[in-house]
Amino acid sequence: MSRSSATYLYCVVSCRGTLSVARAPSGLPGLSRPRALPVGDGLWLVAADAPLPEYGAGSIQENLQDLDWISGRAMAHEAMVEHFDRAGTVVPMKLFTLFSDDVRALEHIRGDRDRLDRILTRIAGCQEWGLLVRFDESRAKEAVAGDSRPASGTAFLQRKKQEKDASRTLLARLQPEMDEVFADLADQSVESRRRPPVSPSPLLLDGAFLVRNTDALDFEETVRGWAERLRESACELTLTGPWPPYNFLEEQP
């Protein structure tokens, strides 16, 4: 007998008592309402029925180049994970994690229980925050130029060279300062990750931080302090979060 649907997994949740799905969002288009499957010992699997005509391997592969199709489902998946992040400690599943039925899904999760328990222990009581630091070259050049206008073409070219040289000098000086920013915030975090910026790029720092919920206000205050300090160096800091700990699911060697 051919199957008409598969079991779609959103996340694993560790919580006290029964996990309620009553107020959960609707989820991915075409899927059934989410349901909570008991894994055992306070662990729950948030799952839904996915129609195979739309969510079979062939259909997903065909739609991978459709950004609207992918982004809409990714946002729905994220909304579900964020909802249950408020109910307990959450381990998100990757987008389009599917099993033939609930039994196979539960078998997989139970077989992976030791690893999941280690992850849950690491991330319990924490959320992820992201920090981006960008260099605003136009602001740096404005600071060098001031309000004066060049009196001649030669002066104009000289000023352009000064602006370029000043930007390079400032960028070189900022590299060790980015190390200081990351180290300072890492000290206030349980774990941290730093992704190397793509060169050439105005992005100077791309970091993710696993922060205890009880330390979140102090962490935000430290970021505000760095934002004030780096504003004079033509840097813009962007703090995002809190998020489920997507960047902290892999165990470090």
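Trainee: How many residues apart in helix α5 are R113 and D117, and what does that make of their separation in helical turns?

Mentor: R113 and D117 are four residues apart in helix α5, which means that about one helical turn separates them. Please keep in mind that this is a predicted model.

Trainee: What makes the contact of R113 with D117 a salt bridge?

Mentor: The closest N and O atoms of R113 and D117 are 2.9 Å apart. A salt bridge requires a side-chain nitrogen of Lys or Arg within 4 Å of a carboxyl oxygen of Asp or Glu. The pair of R113 and D117, at 2.9 Å, therefore counts as a salt bridge.

Trainee: Why is the pair of E180 and R229 called a salt bridge?

Mentor: The side chains of E180 and R229 meet at 3.8 Å, N to O. The cut-off is 4 Å, so this pair also qualifies as a salt bridge. E180 lies in helix α7 (residues 153-187) and R229 in helix α8 (residues 216-231), so their pairing ties together parts that are 49 residues apart in sequence.

Trainee: What are the relative accessibilities of E180 and R229, and how are these residues classed?

Mentor: E180 has 39% relative accessibility, and R229 has a relative accessible area of 43%. Exposed means over 50% and buried under 20%, so E180 is partly exposed, and R229 is partly exposed as well.

Trainee: Which residue forms a salt bridge with E228, and where do the two lie?

Mentor: E228 forms a salt bridge with R231, with 2.9 Å between the closest N and O atoms. Both residues lie in helix α8, three residues apart, about one turn of the helix. R231 has a relative accessible area of 42%, so R231 is partly exposed.

Trainee: How many salt bridges does the structure hold, and which residues are linked in a network of them?

Mentor: The structure holds 13 salt bridges. R35, D49 and D102 are linked in a network of such bridges.

Trainee: What makes a set of residues a nonpolar core, and how many residues has the largest one?

Mentor: The residues must be buried, of nonpolar kinds such as Val or Phe, and joined through side-chain atoms within 4.5 Å. The largest nonpolar core has 23 residues, and those with the most contacts inside it are Y10 and F84. β1 (5-14), β3 (43-51), α3 (67-85) and β4 each supply at least two residues of this core, and α3 gives the most, with six. In soluble globular proteins, nonpolar side chains tend to be buried together.

Trainee: Which residues does F84 touch, beyond those up to four places away in sequence?

Mentor: F84 touches C11, V13, L19, S20, V21, A24, V46 and V90.

Trainee: What is the volume of the largest pocket, and which residues are the closest to its centre?

Mentor: The largest pocket has a volume of about 360 Å³. Of the 16 residues that line this pocket, P92, M93, K94, R115 and L249 are the closest to its centre. The elements that give two or more residues to the lining are β4 (89-99), α4 (102-111) and α5 (113-123). β4 gives the most, with six residues. By kind, the lining residues divide into nine nonpolar, three polar and four charged.

Trainee: Where is G241 found, and how is G241 classed by its relative accessible area?

Mentor: G241 is found in strand β8 (residues 235-243). With a relative accessible area of 34%, G241 is partly exposed. Apart from neighbours within four places in sequence, G241 is in contact with E128 and W129.

Definitions and conventions:
Residues are numbered from 1 along each chain as its sequence is written. This is a predicted model: local features need pLDDT of at least 70, side-chain atom pairs count only at pLDDT 80 or more; totals for chains, interfaces and linings use all residues. Side-chain values use heavy atoms; hydrogens and water are left out. On a 1 Å grid over the protein atoms alone, a cavity is a set of points where a 1.4 Å probe fits but cannot get out, and a pocket is an open set with protein on both sides within 12 Å along at least five of seven lines; lining residues have an atom within 4 Å of a point. Grid points are joined across faces, edges and corners, and a volume is the space filled by probe spheres set on the points. Ala, Val, Leu, Ile, Met, Phe, Trp, Tyr, Cys and Pro count as nonpolar, Asp, Glu, Lys and Arg as charged, and the others, Gly among them, as polar. Buried means under 20% relative accessible area, exposed over 50%, partly exposed in between (1.4 Å probe, protein chains only). Contact means heavy atoms within 4.5 Å.
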